[in-house]
Amino acid sequence: MRTIAVFRLSRKLNRSFATSLFLFVLLAVFGAFSALPLLYAVNNAFKPLDELFVFPPRFFVNNPTWDNFYDLVSLMGNSWVPLSRYIANTLLITIVGTAGHILLASAAAYPLAKYRFPGSRTLFSIVVLSLMFSGHVTAIPNYMVMSWLGWINTLTSIIVPSLAFPLGLFLMKQFMEQIPDALLEAAKIDGASEYRIYWTIVMPNVKPAWLTLMILQFPFLWGSDGGSFIYSENLKTLHYALGQITLGGIARAGVGAAVALILMVVPITLFIISQSSVIQTMATSGMKD
Amino acid sequence: MKSHLQFGLRPRTYAEKKALWGFVCVLPWLLGFLFFFFVPLLTSLRYSFSSVDASAQGVTVRFVGWSHYAEALTINTSFNRTLFESIANMVVNVPLIVIFSLFLAVLLNQKFIGRTAARAIFFLPVILASGIIMRLDSTSLVQAINEANAGANIMNTFTSYELAGMMMEAGVSETVVDYLTGAVDRIYQIVSQSGVQILIFLAGIQTISPQLYEASKMEGATGYEAFWKITFPMVSPLILVNVVYSIIDAFSTNAMTELIRDTGFKSFNFGLSSAMAWIYFLAVSVILLISTFVISRKVFYHD
């Protein structure tokens with residue numbers, strides 16, 4: 001129906017306007033698929049208890065209230081380990097894990113992309129293949145490695161493996177391969193050291209890549225609950241602590257919805273900040289081939 | 001550091017120095033990879049040939065040969081069917097996801113009001129699925145809500161369910177209705193699994209120099225030509241990344257992973273579970289090798 005209307009318009013109006021209208025409608029339709037769950041979560045967090053249990057469930061809230069958030073605050077005030085401790089644990093894991101992963105992965109990807117050393121191709125194939133393996137099966141061997149290292153019940157057991165995720169290396173390598181060799185050679189002829197080339201030429205040119213990597217790694221670590229490696233209460237993460245609240249059953253349904261919203265807001269904010277700071281890079285400008 | 005390494009040896013050539021420094025840079029990452037990904041992988045290979053018993057004395061591993069593989073392929077009732085279904089689903093979904101995400105990345109790269117918001121909306125499913133919501137385990141209503149958020153339940157209620165009802169009343173035959181609702185559900189799957197791929201393509205498009213587009217415009221190229229002659233070749237290395245990512249992503253949710261987990265942690269048959277994982281791993285690797293071979297012949301590198 002709608003597309004027909006657009007095509008009719010296109011005969012009279014500027015064609016690019018009609019095309020962009022069509023594309024806008026298309027984006028809106030697909031976007032609706034993605035945005036509905038978030039809208040639902042936001043609405044739930046503001047629903048009073050009686051509205052949460054209406055059957056059939058209603059999508060939009062009728063009488064929005066902050067009750068769920070007040071309940072959450074008073075519940076957390078009574079907890080045995082202070083809330084700030086959980087927040088500190090989560091921040092440590094997320095910040096060190098994300099920043100370290102970007103640094104290690106890009107430092108390793110640079111030589112793999114630009115210097116061929118013996119065995120680099122084999123190494124890279126192993127990395128790609130290891131991505132394909134089911135995490136459930138390596139859970140027990142993983143635990144044994146951790147206990148052999150003596151890292152059980154330390155935050156190190158969460159942070160250090162996250163530094164070496166294969167996906168980051170793979171992503172950074174594919175991006176770095178697109179930087180023209182001529183650019184690096186020109187820098188070298190002008191006397192730049194390897195270290196300087198890496199920091200002032202390679203990294204700025206693949207900025208969109210490591211921002212993407214950050215966006216991928218952050219929510220993953222933010223949502224980490226310590227897994228099977230951490231059992232001390234004062235080392236648990238914010239995600240775990242807030243998750244425990246929802247174990248209270250039906251009475252905690254409203255608080256649970258508030259928790260879900262709070263946990264979602266941080267990664268979404270980070271995403272918006274990082275996406276609006278992305279600019280076009282100039283890797284291939286001035287190349288004459 | 002450099003002089004230490006060279007002490008007592010003949011001076012290194014430029015190529016050797018490059019190789020050495022390359023290796024030094026890779027080393028920290030490589031150590032982590034070996035400990036936390038490669039060693040567990042090899043251990044699970046060993047488990048797949050053994051019966052694993054955990055007792056108060058520790059874990060005992062007894063070699064049993066190929067029997068777990070034989071059991072998975074010939075005795076286990078659901079393994080073959082699940083394996084086939086998971087792989088078939090993957091083969092259909094992965095190309096669709098890659099094409100859809102490239103298309104959306106090109107759209108989202110254009111300048112329009114609310115571009116960041118639009119990008120955020122398409123990235124939402126990734127945040128929702130990354131465990132933030134899903135791992136809030138509970139037996140209450142919250143869980144039902146969370147599941148609805150993370151999975152397709154809510155979408156089913158809002159799209160295919162009502163659609164199906166309406167069409168049934170209108171007298172459309174059941175086969176047609178099933179086919180259409182199946183397609184709608186697949187669209188939801190594809191949209192919700194494309195978030196990361198869209199971002200990777202977007203980042204790829206952003207590393208293309210705007211001068212290329214300007215030059216092509218001066219020569220009179222249309223937007224269509226610019227896409228096929230500039231955008232597509234420049235992002236082609238990332239098609240491989242996205243194929244690989246889509247396959248990994250399919251892992252975290254599909255029926256095969258559930259079967260592997262249940263065998264390992266509900267029936268406590270860890271050897272059989274490892275064997276299943278290795279068969280699946282090999283099957284997926286073959287698919288990946290074929291697609292890598294096909295794609296890498298088309299990939300364009302700027303040098």
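**A:Ile272**

I started with A:Ile272, which sits in helix 14 (residues 253–276) of chain A. Helices here are DSSP runs of H or I with at least four residues, strands are runs of E with at least two, and both are numbered from the N terminus. This is a predicted model, where local features need pLDDT of at least 70, side-chain atom pairs count only at pLDDT 80 or more, and totals for chains, interfaces and linings use all residues. Residues are numbered from 1 along each chain as its sequence is written, while chains are lettered from A and ligands numbered from 1 in the order in which they are written.

(Buried is 20 or more other C-beta atoms within 10 Å of the residue's own, exposed is 12 or fewer, partly exposed is in between, with C-beta atoms placed from the backbone.)

Leaving out neighbours within four places in sequence, I find A:Ile272 in contact with B:Thr116 and B:Ala120. Contact means that the C-beta atoms, placed from the backbone, lie within 7 Å. I also checked A:Leu92: it is 180 residues from A:Ile272 along the chain, and their C-alpha atoms are 22 Å apart.

**A:Asn153**

I noted a positive phi of about 65 degrees at A:Asn153, which is not a glycine. Most residues other than glycine have a negative phi. A:Asn153 is in the loop between helix 7 (139–149) and helix 8 of chain A. With 15 C-beta neighbours inside 10 Å, A:Asn153 counts as partly exposed.

**Helix 5 with helix 8, chain A**

Next I looked at helix 8 (residues 156–163) of chain A: its axis and that of helix 5 (residues 83–114) of chain A come within 8 Å and cross at roughly 25 degrees. So helix 5 of chain A is roughly parallel to helix 8 of chain A. (Axes are lines fitted to C-alpha atoms, for helices over the stretch in contact, and angles run from 0 to 180 degrees between N-to-C directions. Under 35 degrees is roughly parallel, over 145 roughly antiparallel, 65 to 115 roughly perpendicular, and the rest oblique.)

Helix 5 of chain A brings A:Ile93, A:Val96, A:Gly97, A:Gly100, A:His101 and A:Leu104 to the contact, and helix 8 of chain A brings A:Ile158, A:Ile159, A:Ser162 and A:Leu163. (Nonpolar is Ala, Val, Leu, Ile, Met, Phe, Trp, Tyr, Cys and Pro; charged is Asp, Glu, Lys and Arg; the others, Gly among them, are polar.)

Then I went across chains. Helix 12 (residues 207–222) of chain A packs on helix 10 (residues 195–206) of chain B at about 165 degrees, axes 8 Å apart. That makes helix 12 of chain A roughly antiparallel to helix 10 of chain B. From chain A the contact uses A:Pro208, A:Ala209, A:Thr212, A:Ile215 and A:Leu216, and from chain B it uses B:Val196, B:Leu199, B:Ile200, B:Ala203 and B:Gln206. By class, I have eight nonpolar, two polar and no charged residues for helix 12 of chain A with helix 10 of chain B.

**Chain B overall**

I logged 14 helices and two strands for chain B. Of its 303 residues, 37% are buried.

Notes. Contact = placed C-beta atoms within 7 Å.
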